[in-house]
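Here is a friendly briefing to read alongside the model. Please keep the viewer open as you go.

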Amino acid sequence: MRDMIQSRTYLYVPSPVNSYTGFGNLDFGTVKGFSFQYDLRRTNNIELQANYTLQFADGTGSSSTSQRGLNTRGNIRSLFPLNFDERHRMVAVVDYRYGSGRAYNGPRINGLNIFSNAGINIQANAVSGRPYTKLQRAQPLSGTGFAGALNGSRLPWNFNIDVRADKSFNISGKGAKALYLNIYARSQNILNRKNVFGVYPVSGSPEDDGYLTSADGKSALNTVVTSGRDIEAYLASYQWAELNPGFYSLPRRIFIGAILEF
């Protein structure tokens with residue numbers, strides 16, 4: 001990737017401007033990867049797809065403003081992991097389905113093909129954590145000072161399973177003129193996992209920014225106490241502020257619906 005847009009600071013501009021910030025075609029990067037996929041055609045009711053991807057995404061900037069404020073003496077030209085760098089991604093999709101008529105090979109009750117045109121689809125994926133820059137000094141809901149390299153730390157792995165079960169009913173016609181009603185139930189994140197998508201840069205935790213236990217935080221707490229304010233109310237409200245829903249994946253969700261097929 002070459003000539004991508006990035007902010008830059010122009011110095012030594014005549015007074016009264018002195019310096020200003022603009023944009024230029026400065027960024028470059030290298031993305032290398034390998035993907036392996038296995039496909040199993042439907043055999044005895046089951047169909048399987050499995051994929052593994054290995055990726056190395058390095059560059060000088062993850063967005064057009066990622067270098068803003070890093071350096072006033074020029075843009076960084078060394079490579080570091082980009083924000084979207086996912087080193088490992090594994091995806092598996094399993095579909096188990098029964099046919100109808102002579103193709104049906106499932107259980108029967110009183111001569112009825114109870115699972116005719118029915119099936120279940122399961123999709124599981126596991127992804128290694130994306131990078132973030134760890135900071136050194138805790139501030140309210142943030143931090144200052146680099147504690148390591150740019151994007152030198154990693155979020156935890158994420159794991160998710162989605163499930164869909166459905167059954168089609170013939171409500172009229174045959175062959176090309178057949179009309180079907182498909183009833184389905186679908187669940188996203190069926191295990192209700194709290195996958196972490198973001199953390200506070202000093203503590204590395206999605207729940208605690210590390211400020212209240214730092215020297216600055218203890219000084220702020222002391223100021224609250226000496227001013228006569230309610231310390232318990234202050235701590236409770238600060239903990240509410242730390243709750244960031246963007247740091248987690250969505251909880252389990254269940255959808256029930258119908259599709260008319262013709």
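N182 counts as buried, at 4% relative accessibility (buried means under 20% relative accessible area, exposed over 50%, and partly exposed in between, with a 1.4 Å probe and protein chains only). The side chain of N182 joins that of D166 in a polar contact of 3.0 Å (a pair of N or O atoms within 3.5 Å; within protein, one must be able to donate a hydrogen and the other to accept it, and residues adjacent in sequence count only if both atoms are side-chain atoms).

Before going further, note that this is a predicted model, in which local features need pLDDT of at least 70 and side-chain atom pairs count only at pLDDT 80 or more, while totals for chains, interfaces and linings use all residues. Residues are numbered from 1 along each chain as its sequence is written, and side-chain values use heavy atoms, with hydrogens and water left out.

- S128 sits in the loop between β9 and β10 (131-132), and S128 is buried, with a relative accessible area of 7%.
- Two backbone nitrogens are reached by the side chain of S128: that of R87 at 3.2 Å and that of H88 at 2.9 Å.

**Pockets**

- A pocket here is defined on a 1 Å grid over the protein atoms alone: it is an open set of points where a 1.4 Å probe fits, with protein on both sides within 12 Å along at least five of seven lines, and lining residues have an atom within 4 Å of a point.
- The largest pocket holds about 340 Å³ of space (grid points are joined across faces, edges and corners, and a volume is the space filled by probe spheres set on the points).
- Its lining comprises 22 residues, and N125, N158, N195, F197 and S249 are the ones nearest the centre of the largest pocket.
- Strands β9 (118-127) and β14 (158-172) are the elements that give two or more residues to this lining, and β14 supplies the largest share, four residues.
- By class, the lining of the largest pocket has eight nonpolar, nine polar and five charged residues (Ala, Val, Leu, Ile, Met, Phe, Trp, Tyr, Cys and Pro count as nonpolar, Asp, Glu, Lys and Arg as charged, and the others, Gly among them, as polar).
- The second largest pocket holds about 190 Å³ of space, and its lining residues include S62, Q67, F80, T133 and N151.
- In the lining of the second largest pocket there are four nonpolar residues, six polar and no charged.

**Aromatic rings and charges**

- There are seven aromatic pairs in the structure (rings of Phe, Tyr and Trp, the last by its six-membered ring, pair if their centres lie within 6.5 Å; planes under 30 degrees apart count as stacked, over 60 as edge-to-face and the rest as tilted).
- Y96 and Y98 form an edge-to-face pair, because their ring centres are 5.5 Å apart and their planes stand at 85 degrees.
- Within that pair, Y96 is partly exposed, with a relative accessible area of 33%, whereas Y98 counts as buried at 18%.
- A cluster linked by ring pairs takes in Y96, Y98, Y104 and F115.
- R164 lies over the face of Y184, 4.6 Å from the ring centre (a charge sits over a ring if NZ of Lys or CZ of Arg is within 6 Å of the ring centre and within 35 degrees of the ring normal).
- Over the ring of F255 sits the charged end of R186, at 4.4 Å from the centre.

**Backbone features**

- Most residues other than glycine have a negative phi, and most peptide bonds are trans.
- The peptide bond from S15 to P16 is cis, with omega near 5 degrees, and P16 belongs to the loop between β1 (4-13) and β2 (18-27).
- N18, in strand β2, is not a glycine but has a positive phi of about 70 degrees; N18 counts as partly exposed at 43% relative accessibility.
- N110 is not a glycine either, and its phi is positive at about 55 degrees.
- The loop between β7 and β8 (112-113) contains N110, which counts as exposed at 79% relative accessibility.

**Separations in space**

- I109, in strand β7 (residues 108-109), is partly exposed at 47% relative accessible area.
- I109 and N222 are 113 residues apart along the chain, and their C-alpha atoms are separated by 73 Å.
- A233, in helix α2 (residues 231-242), lies 21 residues from I254 in sequence and 37 Å from it in space, C-alpha to C-alpha.
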